[in-house]
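The stops below are given in the order in which to select them.

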Amino acid sequence: MSHTPATRAELINLVRQWHQDSTPWIPSGHGTRLDWGPALDPDHSVLSCQQLNQVIDHAVDDLTITVEAGLPLVDLQRLLAAQDQWLPVDWPRGGEPMTTDRLDNGSAGSIGGLIARGISGGLRQRHLGIRDQIIGIGLLRSDGTAAKAGGRVVKNVAGYDLMRLLCGSWGSLALITEVTLRVQPIRPAHAGLLVTGVLANLEGFRAALLLSTLTPERCDWQCPGDGSWALRLVLSSVSDQAVLDQLTRIQALATEHGLQAEAKPCSSPLDVAMLCHKPDQILRLVLPAASLHQLIASEAMTSLKGWSWELAAGAGCGDGWCSSAAPAFQIEALRRQVASLGGQLMVLVQPGDQQVSAWTDTPARPVIEAVKRQFDPRQQLSRGRLPGVDQFQTRA
């Protein structure tokens, strides 16, 4: 059953009642991705912040904004764009494609939900992850106690770093109620570039590009599902001439490495997300960026037929998705390959009949479980979903 309180007072009273009754519940924004990660008990109550969607404060000159956690991500980007600003984070997968020309679709979910999952994409290379954009946070503990950390200034260092602790917690520690974010001015000039060629040459170009003085907005390994790989770049600057100068230098660098570089239209760094319409399976990879080409060439990766991929070439994180799920043994083989390269694989979406762990145990599991006991001693929040703890091992 889903509950959507209209006011913060209603929210707090409901959580306190559930704590008194030891009722298990699931924190939620718009509920667009509750099926991500380990399966949750469908009988548990869902607490939605969808009605808590107001802008609390927008300090335009200070480049900060404070909003309630239920504010849709598309609405946040729209109101920032009205002030020639933006939040440099990637649209999440699993919904309609988002662009600056198409901000009318709510399938991107809420800003609170994005933070709770803590997932970043190609923009992390230049702008770091979503957790690095948070300078203040408000939360509600499982007993109904409200708390805040950080503040509304970028250099605020008071209190514990609850921002990073809650970012990526998947609703297992507390309900995020509001956030203060640092934003950036929009660079008006943009250009895209698709670089194709032999994988070894692409890797040499990638390494040289990242070591140069060139500063692309993003650089992503992309595979559209046919097994072919390319590097997609986006350039942004304050003037068309500055973008053109970088474009010319990058094309020359590509030629030096025996590659083809084709200009692609691009109106924003947010326009490059490949289409991803509710696939049967979504995988998330995080590993050293310099190891991505080894993974791409591995048998574990090439054996996955029909998969699309978008991996941040400079940050080492990204997603793969397919309209038909791969067998469990292939996913586990890919997980072992990623681990051998120093990374981790997460199963974001999978069919209900597939028994693949969303994530595996980490060496920090005892610490994670100790933090969980401190925040949620009655184990009410998102039972069975604790990042870094294998849900199947827990049940066993």
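Start with the largest cavity, which has a volume of about 580 Å³. A cavity here is a set of points on a 1 Å grid over the protein atoms alone where a 1.4 Å probe fits but cannot get out; grid points are joined across faces, edges and corners, and a volume is the space filled by probe spheres set on the points. The structure holds three cavities of 30 Å³ or more.

This is a predicted model, in which local features need pLDDT of at least 70 and side-chain atom pairs count only at pLDDT 80 or more, while totals for chains, interfaces and linings use all residues. Residues are numbered from 1 along each chain as its sequence is written, and side-chain values use heavy atoms, with hydrogens and water left out.

To centre the view on the largest cavity, select Arg-33, Ser-110, Gly-113, Leu-114 and Arg-117, which lie nearest its centre among the 49 lining residues. Lining residues are those with an atom within 4 Å of a point. Next colour the elements; helices (H or I, at least four residues) and strands (E, at least two) are DSSP runs, numbered from the N terminus. Helix 3 (111–117) is one of the elements that supply at least two residues of this lining, as are strand 9 (175–182) and strand 12 (218–223). Helix 3 gives the most, with five residues. By class, the lining of the largest cavity divides into 24 nonpolar, 15 polar and ten charged residues. Ala, Val, Leu, Ile, Met, Phe, Trp, Tyr, Cys and Pro count as nonpolar, Asp, Glu, Lys and Arg as charged, and the others, Gly among them, as polar.

Now select the largest pocket, with a volume of about 1000 Å³. A pocket is an open set with protein on both sides within 12 Å along at least five of seven lines. Of the 40 residues that line the largest pocket, Cys-167, Gly-168, Gln-344, Met-346 and Pro-387 lie nearest its centre. Helix 5 (162–166), helix 10 (328–340) and helix 11 (365–375) are among the elements that each supply at least two lining residues. The lining of the largest pocket has 19 nonpolar, twelve polar and nine charged residues.

Stay on helix 11. Its buried residues are Arg-365, Lys-372 and Phe-375; buried means under 20% relative accessible area, exposed over 50%, and partly exposed in between (1.4 Å probe, protein chains only). Seen down the axis, the buried residues of helix 11 fall within an arc of 90°, so they line one face of the helix. The arc is that of the directions from the helix axis to the C-beta atoms.

Follow the chain to Ser-382, in the loop between helix 11 and helix 12 (391–395). Ser-382 is buried, with a relative accessible area of 3%, and has a positive phi of about 45° although it is not a glycine. Most residues other than glycine have a negative phi.

Go back to helix 1 (residues 8–21). What should its 14 residues span at 1.5 Å a residue? The expected span, 1.5 Å times one less than the number of residues, is 20 Å, and the end C-alpha atoms are 20 Å apart, which agrees. Select Leu-11, Ile-12, Val-15, Trp-18 and His-19, the buried residues of helix 1. They fall within an arc of 130° seen down the axis, so they line one face of helix 1. They pack against several strands, including strand 1 (2–3), strand 3 (45–48) and strand 7 (134–140). Just after helix 1, Ser-22 takes a positive phi of about 55°.

In helix 2 (residues 73–81), select the buried Leu-73, Val-74, Leu-76, Gln-77 and Leu-80. They cover an arc of only 160° around the axis, which puts them on the same side of helix 2. Strand 4 (55–59), strand 5 (64–68) and helix 3 are among the elements that cover them. Asp-84 is in the loop between helix 2 and strand 6 (85–86). Asp-84 is exposed, with a relative accessible area of 55%, and its phi is near 60°.

Finish at Glu-203 in helix 6 (residues 199–211). Glu-203 is buried, with a relative accessible area of 11%. Leaving aside neighbours within four places in sequence, Glu-203 is in contact (heavy atoms within 4.5 Å) with Trp-221, Ala-290 and His-293.
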